[in-house]
Amino acid sequence: MINRKLLLLFSITLISLMLIAMPVLADEAKYFRTYFGSGDIPSIDQALVTDFIGIQLVDEMTVGIMRQNETTGLLEPGMATEYSVSDDGRVYTFKLLQNVPWVRYNPETKAVEEVKDCDGNVRYVTAHDFVYGAERTLRPETASGYAYVANLIEGAEAYNTPVEEGEGTPVARPDFSTVGIKALDDFTIEYTFKEAGVFNLNILSMWMLHAMPSWIIDGDACNEALGERWTETGFYQGYGPFTLEEWVHDSHLTIIANPFWPGTEFVPKPKIAGVHYSLIDTSAALAEYEAGNMDEAGIPSADYDRITSDPAFKDQIKSSTDSVGTEFLIYNEWLPPTDDVRIRKALSLAVDKEAVVKTLKEGIAAPFYIHPGVDGAPKVEDYPDLGIMYDPEAAKALIDEYCKEKGIQPKDIVVTYSFNTSESRKMLAETIQYMWQNTLGITVNLKNSEWPVFKVERQQGLDNVYRSTWVQDYMDANNFTADVFLCGTGYSSVTDWPSKDCTDKSNPAYIEYEEVVKKAGKETDPKARAALYARSDEIIIEEEAIINPIYWYSSLVLRKPNIIAPETLTGYAHWEKWEIK
């Protein structure tokens, strides 16, 4: 009996020890498996990210001062525990969480580990790390695509402006102490804006102002300066609910739950083990999904009828607001023949947007650009005539007028349409190519490149038409207008409107556009605000014809029924709130 009891006790102890060690192995099956269908992910560096996929990943691996709730679009505390605003609305002071360590995934131990300093002490996220992150983003040499958004902060624009070496004594760049971002102590940070504004808190919460690890980027006494290489596998250091596990370029990227994230009311500890992105196109993702190797997949238009009519998929089809954003075309006004406004307007009028969304099986045809779901935006029911929709006769009349003046035939007009490589973008391009050629009788050449290459080519301005997109950074029409089309902002280097590199701002249409959107940004009456933003869309779509909005994002996706996820209004997911049953 005694031996049997000892054997039983030993067995129970052994099983208990095994169970303690097993959860990590069991959780391996709890990775959410999804895909990205536009080639390699351009960047996960907070200072360099400019696109939807990068923002999604950065916001899960680091946490801002505040954080946008995915189901409401409202701001909630992120790293902030409390904050105050000065009476004049210009100065924001935040107290930060004090127990958040920097972490890295160690490929050798296959575990997430706390980062230590040169003395062997755990590095905790401090106000100084946020100041460093902002300073790095604002350095001209960093070439951050979103640094301009922070220019509303006192001194930021001057610090971000490159110093041109001229004759005589060189002008020194301002010291960062002149910028209104200061660490009052290790866990208190203060931001001073040029003026009060309803967008200030949103701007402070954006990814390019998150904390960054100076010791690994710029180096210190015990770390080599890695520069932009700091985001590679084994080097990356973050502090959010997840951190980078592995990034094999052009193949896959995986993030893993961070066991050292303390969890808060608004940013809880993760319930899933991680997220695995396969970098494959939509058709391949669907094949993997149907084989049981993927938890989420898009529905290619070729498979749309089969999937939506099959009862087996009934509980797996989800209506997805991919993002609060707009798919649109940018016309190059400096390259013939799109240097003529008649050609640009004819191209816009010749796109049957309703037919486009039916062909692609996604989106809502967009007569105007500003997404109607954001604050301040005009609504279709209030502005039924705003923007441009399909009018083939008007389009042909403009082409005929142009050809008569030039002494040419429509077939002599050649337009190049450039887009980033993906199945859906290819189908969109081919659909519009057919419409333009069939309706207008012109010649349309298509050119495609991988996403990182395409973004560079689009800025070079060597083609007539560029596929473009804008997705909200915060839920306000200001983000679709002032942050996108004013000189020095998101698309100003792409549209080159009102002039190349915005060197000449004398175009009366641009002057009015700038006045309208700046006035709208301060307007408090909702109706008056919507009217101002409606006017801004009239200028850029109908009068100047710089862009042509095609559709607002909306689509169906497939997701396994054992994935329990909050619905998102913003298009961004907070995976730490997801569960895999």
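**Exercises on strand pairing and helix packing**

Thr 416 stands opposite Asn 445 in S18. The structure is a predicted model, in which local features need pLDDT of at least 70 and side-chain atom pairs count only at pLDDT 80 or more, while totals for chains, interfaces and linings use all residues. Residues are numbered from 1 along each chain as its sequence is written, and side-chain values use heavy atoms, with hydrogens and water left out.

**Exercise 1.** Determine how S17 and S18 are joined and where S18 lies in its sheet.

*Solution.* Step 1: helices (H or I, at least four residues) and strands (E, at least two) are DSSP runs, numbered from the N terminus. Step 2: strand S17 (residues 414-420) runs parallel to S18, and 7 bridges join them; two strands pair if DSSP finds at least two bridges between them. Step 3: the open sheet has 6 strands in the order S16-S20-S15-S19-S17-S18, with mixed pairing. Strand S16 (364-365) and strand S18 (443-449) are its edge strands, each pairing on one side only. Step 4: helix H14 (residues 451-460) lies across S17, S18 and strand S19 (465-471), at about 110 degrees to S19.

**Exercise 2.** Describe the packing of H10 against H12.

*Solution.* Step 1: helix H10 (residues 341-349) and helix H12 (residues 392-406) pack at about 155 degrees, their axes 8 Å apart. Axes are lines fitted to C-alpha atoms, for helices over the stretch in contact, and angles run from 0 to 180 degrees between N-to-C directions. Step 2: H10 is therefore roughly antiparallel to H12 (angles over 145 degrees). Step 3: contact means heavy atoms within 4.5 Å; among the residues that meet are Ile 343 and Leu 349 in H10 and Leu 398 and Tyr 402 in H12. Step 4: the residues of this contact divide into 9 nonpolar, no polar and 4 charged. Here Ala, Val, Leu, Ile, Met, Phe, Trp, Tyr, Cys and Pro count as nonpolar, Asp, Glu, Lys and Arg as charged, and the others, Gly among them, as polar.

**Exercise 3.** Carry out the corresponding analysis for H17 and H18.

*Solution.* Step 1: the axes of helix H17 (residues 508-522) and helix H18 (residues 526-543) come within 9 Å and cross at roughly 155 degrees. Step 2: H17 is therefore roughly antiparallel to H18. Step 3: the contact includes Tyr 513 and Val 517 of H17, and Leu 532 and Ile 539 of H18. Step 4: the contact residues divide into 9 nonpolar, 2 polar and 4 charged.

Notes
Angles under 35 degrees count as roughly parallel, over 145 as roughly antiparallel, 65 to 115 as roughly perpendicular and the rest as oblique.
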